[in-house]
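This report describes selected local features of one protein model. The structure is shown first.

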Amino acid sequence: MCELFGYSAETEYEINDYLKTFYKRSPQHPNGWGLACMEGSEAVIEKEPLQATKSHYLKERLSFPVLSKNVFAHIRFATVGNEEYSNCHPHSKKDNAGRRWTAIHNGTIFDFPPLSKYVKIQKGSTDSERILLYIVDKMNRAEQQDKRLSGKERFEILECLIGNMAKGNKLNFMIYDGEYMYVHTNYKDSLYYLEKDGAIMFSTYPLTRENWKKVPFTRLLAYQKGKLVFTGRNHGNEYFDSEENMKFLFRNFSEL
């Protein structure tokens, strides 16, 4: 599976050391890396379909300070979709209201029929990109007739979508809409957070010996400027590995 890193803060803070530690885990996740620095409707996304520790570009990039209030990083272990640039995370798309949604995913969607329609229009071939397209499409539909969604309304829509999608699927997922960073995990002990200097960081595994804690799972959380602003209800759709799902992953991996 992939690994995730997220950062939200009120002020910019150099996070190169955390990113370097995160990317050092890439030998076990060799199919691509990505980095997004986000602010409002803009997102600077850099990525390659290459193991992070083998990337000369990434090494040079991390020799300069990474300064942003909102950051995503990703290392990919391909389970759905070939090793290509278009399949690397983060994925990003603007909605009709001009918000840019940027997402990273660790997991697999085994069965969720509403995503099928996006296979023909996505740029790559990952289920992760289809999740993003589905979310943006739902937000666009909710904002028809010149209705502008509030932050609370966007959270409630996303909470419903994620809760339904999590049933039977592994959905460790982060998405930023230009205002809020949404975080979700439904796989036990697979996402941690660290609060430090008015900021919050998330990682699939603790990156240091600091006081990392487990992210509450099976519920959607929303952060703004490093602070928790919305907490969703426990949807109860915890993901468990099964023999059937492991066979699905092995079959897909053997075809890459």
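## Basis

This is a predicted model, in which local features need pLDDT of at least 70 and side-chain atom pairs count only at pLDDT 80 or more, while totals for chains, interfaces and linings use all residues. Residues are numbered from 1 along each chain as its sequence is written, and side-chain values use heavy atoms, with hydrogens and water left out.

Helices (H or I, at least four residues) and strands (E, at least two) are DSSP runs, numbered from the N terminus. Two strands pair if DSSP finds at least two bridges between them. β5 (91-94) and β6 (100-108) run antiparallel and are joined by four bridges. Ser92 has Thr102 in β6 as its bridge partner. Five residues separate the strands of this hairpin, and Gly98 takes a positive phi near 95 degrees there.

β6 also pairs with β7 (residues 170-176), in the antiparallel sense, over seven bridges. Opposite Thr102 stands Tyr176 of β7. Eight of the nine residues of β6 are buried (buried means under 20% relative accessible area, exposed over 50%, partly exposed in between, with a 1.4 Å probe and protein chains only).

Arg99 lies in the loop between β5 and β6. Arg99 counts as buried because its relative accessibility is 6%. The side chains of Arg99 and Glu143 are joined by a polar contact of 2.7 Å. A polar contact is a pair of N or O atoms within 3.5 Å; within protein, one must be able to donate a hydrogen and the other to accept it, and residues adjacent in sequence count only if both atoms are side-chain atoms. Not counting residues up to four places away in sequence, Arg99 touches Lys93, Lys94, Glu143, Arg148, Leu149, Arg154 and Asp177 (contact means heavy atoms within 4.5 Å).

Asp111 is in the loop between β6 and α3 (127-142). Asp111 is exposed, with a relative accessible area of 56%. Its C-alpha atom is separated by 7.3 Å from that of Gly168, which is 57 residues apart along the chain.

## Pockets

On a 1 Å grid over the protein atoms alone, a pocket is an open set of points with protein on both sides within 12 Å along at least five of seven lines, and lining residues have an atom within 4 Å of a point. The largest pocket has a volume of about 330 Å³. Its lining has 16 residues, and the closest to the centre are His91, Ser92, Lys93, Lys123 and Glu129. β3 (42-48), β5 and α3 each supply at least two residues of this lining.

The second largest pocket has a volume of about 200 Å³. Its lining includes Lys20, Tyr23, His56 and Leu62. α1 (16-23) and α2 (56-61) each supply at least two lining residues, and the largest share, three residues, comes from α2.

## Backbone geometry

His89 and Pro90 are joined by a cis peptide bond, with omega about 5 degrees. Pro90 lies in the loop between β4 (70-75) and β5.

Asp189, a residue other than glycine, has a positive phi near 60 degrees. Asp189 is in the loop between β8 (181-184) and β9 (192-196) and is partly exposed, at 39% relative accessibility. Thr218 also has a positive phi, near 60 degrees. Thr218 lies in the loop between β11 (213-214) and β12 (221-224) and is buried, with a relative accessible area of 5%.

Technical notes. 1 Å grid on protein atoms, 1.4 Å probe; cavity = no way out; pocket = protein on both sides within 12 Å on 5 of 7 lines; lining within 4 Å. Points joined across faces, edges and corners; volume = space filled by probe spheres on them.
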